[in-house]
Every structure is written in C-alpha cells, then in structure tokens.
Amino acid sequence: MAILLVAAAVRVFWAFYAYRGAPVSAIRSGDQYAYWYSGSELAAGNGYVSVLDGEPTAYYPVGYPALLAALFWTFEHTPIPDNVPLAANLIQAVVGTASVALVFVIGRAIFDTRVGLVAAGITALWPNLVFYVGALMIETWFTFLCLVAVAIIATHNWSTGPPGRARLVAFGVTMGIIALVRPLILFFFVGLVVAVAIAGGWRRAATSLAWVLLPLVVLVMPWMVRNAVVMDAFTISTNLGDTLCIDRSDDATGRFRFAAHEGCVPIQESEVERYRGNIRKAVGWVIDHPDRELKQIVRRGWYTSRYDHDGLKEVENKEEGRFLGHRVRTGLSHTADWYYFVVLAVAAFGIPAFFRGRRPERIF
C-alpha cells in the first residue's frame, strides 16, 4: 500500500503539473493532436475521420481515440466540469498506478512477495512512465493492458497444467483490446504457445490458442469489417504500411522519420494506396537486401533504447510548447536516463541467474 500511495502521489502531481491544455495542431503536437481530434469527432457522431482532411480513416488504431471519445461524451452529457485534457491526465495517473499493482502481482506470482515488492517499487518511481501520464499518448494504456495480459497467465498455477478455458478467454479478450490500441501482440501468442506446449504438449497448445483467438476475433473483426467497407482495406490500421517503409530503403539509418522519402509511396496518394504500396516496397526491399535488414535491426534497437525520457518530450509538445526551465528539463532527462540504465545493469545480473535456475530474489 505504501508503494501504491507513492506511485499515485507522484503520478497525480505530474498530471496537474504537466497539464497545459489540449493539443492545438498536428504540426506542434503530432500524434497527440490526431488522437484528440479523432476522439472528439467520434464523440460528436462524425465517425472516425482523419485529422488531415476530415475523411474516414483507419490510420491510427481506434482504441485510444475511442477512450478519449468516451471522455468527451461523458463530459458533454453530464454536469462534470468540461476539462477533458486534465481528466485524461488524471485517469492515466490511475491507470499508471494500477500498472504498479500489476507488476507486484506478477512478481509475487512468479517468484515471491519480496520480488514483487522490489519490482513494484522500481516501477512506481520509473520516470518515463510518470512522464507519459501527462501526454495524450497510448503508452500508459498500452503498458497497463500488457501487464493485465501477463498477470492473467502468470497468476495461473502452472504446476496443475496449462490454463483453463475461462482464463484463456479472458486472455483473448485482453489481446483483442490491446490489438485495437496498438496491434503489437504476436510475442504474447508465441510465449503462450511455448509455455502451454511445455506444460501440456503441442495439441493442448493449439487448443489453447484457439480459445484465445475466439474472443480476439469477435472484438477486432467489426473494426476490420468497417475498414474493409469504408476504406477498402481489411486491416486494423493502415499505419502498418508507413511503419514498415520508414526504415527499409537504401538511405535508411535506423532513426525514425516520416514515410515521405524516395523509398515509400508519395504522400500525395490516398491512405489505402500508401498502405498497400508501402508494404510491397518494404517487403521487396527486405527480400533484396537481407543483410542490410539485419544491420538495420541492430540500428533500430540502438536508437530505440539509447535513452528513456521521450515521455518528457511528448509532454512539452502540446499547447504551450516547452514550459520547463532548461535546468529542470535537463535534470529530469538525465534522471530518467540514469534510472533506466541502472535498472538495465541490475537486470544484466538477474537474467543469467534466472536461467541458471537460481531464485532471482537472492540478488536483492
């Protein structure tokens, strides 16, 4: 309870401190404005439309804008004060605190209470997780949902065999929700199948996977059908084309950039044409340059993991732009990065101990 109180206090404080109103433009606020605009249009009954031209879109997964739309609609139809940006921050503070509780549950289930407490304590004060509470981005919700999925499986007593049907269906429901927020869920299925195969054989693994896929398909299929009818693209998100094409061209360096370079479909083309064309171009480039793709994987990994204060950048990317002083910004950035690197260093000792069969809590 003490850890959760600290986690909640830090996140609520940051939710108020980082509040600077709603995003004001796609240029200044990027994805945050797109989520905000799409959520407000959904709440107004105008459908899921693009921030660029107001036409139907499937570019961003609908999950997070739908959550914002629920906030918009609730405030519009109730006496609750109409301050959606602050409410979104506070709700994300609650969700972030719940994530800390889930880390404890997972750590206790896999090891013991002490490991769960240490893991929860580390997560409670993780700077970048706190920073993202103040940004209208999917990271806080995505982290929470992933932890829910892991907790559903980790709290099962595996000594009695693979998980039962009810637990697998609950896991599948969570997978469906995650897919609508950020469809990066393949590794969850791989982990579950391997675990069930070890505990009960490959036939049981196939049956378990079917029970997981059933609720997932039920949740995701209506959105994919909508996209097929409205967009002529049977997909969760047309963003996949740009995502694949960004770093698969001759001049790619591994850094993020917009999919407007020569190796991608021109941005003047329609959303669906870019989606299909960029997938073809990306796959073709990988087939023709397998050695370069391996190098790019390493480069992407480096640029993705070289620091851990991106949440701070997002928070300062809304209405008033940079609101932190130079010293405060630099101090918070360095603190976040060092916190991240120290935890990685501790993990470097914990992971080998885990695979040697030692109980990792001895490290502490």
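**Reading helices and a core in a predicted model**

Biologist: Which residues is Trp-14 in contact with, leaving aside its neighbours within four places in sequence?

Modeller: In this predicted model, Trp-14 is in contact with Tyr-19, Val-130, Phe-131, Val-133, Gly-134, Leu-312, Val-315 and Leu-332. Contact here stands for heavy atoms within 4.5 Å.

Biologist: Which residues have the most contacts inside the largest nonpolar core?

Modeller: They are Trp-14, Leu-68, Phe-171, Met-175, Ile-178, Ile-185 and Phe-188, in a core of 72 residues. Helix H8, residues 139-154, supplies the largest share of this core, with 12 residues.

Biologist: How many residues does helix H3 have, and what span does it reach from its first C-alpha to its last?

Modeller: The span of a helix may be set beside the value expected at 1.5 Å a residue. Helix H3 covers residues 31-43, and its 13 residues reach 18 Å, close to the 18 Å expected.

Biologist: Why is H3 described as largely enclosed by the rest of the structure?

Modeller: One counts the buried residues, those under 20% relative accessible area. In H3, 11 of the 13 residues are buried, so the helix is largely enclosed. Among them are Tyr-33, Tyr-35, Trp-36, Tyr-37 and Glu-41. Just after H3, Gly-45 takes a positive phi of about 85°.

Biologist: Which residues of H13 are buried, and what covers them?

Modeller: Helix H13, residues 271-288, has 18 residues and reaches 26 Å, close to the 26 Å expected. Its buried residues are Glu-271, Val-272, Arg-274, Tyr-275, Gly-277, Asn-278, Ala-282 and Trp-285. What covers them includes helices H11 (202-231), H12 (239-245) and H14 (290-305).

Technical notes. Residues are numbered from 1 along each chain as its sequence is written. This is a predicted model: local features need pLDDT of at least 70, side-chain atom pairs count only at pLDDT 80 or more; totals for chains, interfaces and linings use all residues. Side-chain values use heavy atoms; hydrogens and water are left out. Helices (H or I, at least four residues) and strands (E, at least two) are DSSP runs, numbered from the N terminus. The expected span of a helix is 1.5 Å times one less than its number of residues. Buried means under 20% relative accessible area, exposed over 50%, partly exposed in between (1.4 Å probe, protein chains only). A nonpolar core is a set of buried Ala, Val, Leu, Ile, Met, Phe, Trp, Tyr and Cys residues joined through side-chain atoms within 4.5 Å.
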